[in-house]
Amino acid sequence: MAKLTLAKSLFLHPTPAGAYSAISSLEHSASRTLLRNLLLRPQSPELTLDVLMVLSSATTEVDALEQLKHLQALSWVEGLGVPQMANDSPTEEVLPELLPHLSSRSKALLADEQGFYLASSGFPHEVAEELSALSAELASLHERRSGVLVNNLGLSSSAWSVVDAAGHSKIGFWPLFIGQQRFVLVMEGVPNLNRSEFVELIWLLSRRYAGSLDAS
């Protein structure tokens, strides 16, 4: 087996798919540990072996390199020529700027686990309140019935959607598990999660609510 080596002068950054993988479940794995720890950093760290060992919580250099290779194969991380900086502005200022980019109709909101929305774009206040309350009820329903969905049907996703007669999503509810908290991203229309704004959203929430480095 060829020895793995790190490319020089690159800064490690999660892709949108990697950011979603990090927060799509409360379950722990080596991949999620690295991604979650990466999302706690104030900026994209320079990719060195020492940094990789800390991010991965691996016990050996070989294990750390193998974890990075696995994430790279899944396109969950990328190497940048210059580092990206986390946005440390107040959450209430940043969220309204990010949310419109995540929906094809620029209609999106972020709700907490109690069913209150933190920010909304494109929805009237009363509609946003109702959708936020519905997101909490759907999350509770999913938690009660997850045994059937996951174990019997093999449906690992915890997202829910209201669909039209052709099966196309009209509005979707996407749980985001940040630390021990659950948020729900509600979007009308086609979700645009494969964007840098989604990474910025998860990065912002992780630094606000995820706590310290994950050693799982």
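Analyst: Let's start at Ser161, which stands opposite Gly172 in S6. Before going on, a bit of housekeeping: this is a predicted model, so local features need pLDDT of at least 70 and side-chain atom pairs count only at pLDDT 80 or more, while totals for chains, interfaces and linings use all residues. Residues are numbered from 1 along each chain as its sequence is written, and side-chain values use heavy atoms, with hydrogens and water left out.

S5 and strand S6 (residues 169–178) run antiparallel and are joined by four bridges. Strands here are DSSP runs of E with at least two residues, helices are runs of H or I with at least four, and both are numbered from the N terminus. Two strands pair if DSSP finds at least two bridges between them. Zoom out and there's an open sheet of five strands, ordered S4-S3-S7-S6-S5, with antiparallel pairing. Strand S4 (117–121) and strand S5 (160–163) are the edges, each pairing on one side only. On average, neighbouring strands of this sheet are turned by 10 degrees against each other, direction ignored; the axes are lines fitted to C-alpha atoms (for helices, over the stretch in contact), and angles in general run from 0 to 180 degrees between N-to-C directions.

Now for the rings. Phe, Tyr and Trp (its six-membered ring) pair if their centres lie within 6.5 Å; planes under 30 degrees apart count as stacked, over 60 as edge-to-face and the rest as tilted. By that rule there are three aromatic pairs. Take Tyr20 and Phe198: their ring centres are 6.4 Å apart and their planes sit at 40 degrees, so this pair is tilted. Tyr20 belongs to helix H1 (residues 16–23) and Phe198 to helix H7 (residues 196–209), so the pair links parts of the chain 178 residues apart. Tyr20 is partly exposed at 25% relative accessible area, whereas Phe198 is buried at 0% (buried is under 20%, exposed over 50%, partly exposed in between, with a 1.4 Å probe and protein chains only). Phe183 and Tyr209 make another tilted pair, 5.1 Å centre to centre with 55 degrees between the planes. That pair ties strand S7 (residues 181–188), which holds Phe183, to Tyr209 in H7, 26 residues away. Phe183 is buried at 2%, and Tyr209 is partly exposed at 30%. Ring pairs also link Tyr20, Trp174 and Phe198 into a cluster.

That brings us to how the helices meet. Two packed helices are described by the angle between their axes and the distance between the axes. The axes of H1 and H7 come within 8 Å and cross at roughly 35 degrees. Their crossing is left-handed, meaning the near helix is turned anticlockwise from the far one by less than a right angle (clockwise would be right-handed). Pro16, Ala19, Tyr20 and Ile23 of H1 meet Phe198, Val199 and Ile202 of H7, where contact means heavy atoms within 4.5 Å. The residues of this contact divide into seven nonpolar, no polar and no charged. Nonpolar covers Ala, Val, Leu, Ile, Met, Phe, Trp, Tyr, Cys and Pro; Asp, Glu, Lys and Arg are charged, and the others, Gly among them, are polar.

H1 and H7 have another partner: the buried residues of H2 pack against both, and also against strand S1 (11–14), H3, helix H4 (61–73) and strand S2 (77–80). H2 is mostly covered, with eight of its nine residues buried.
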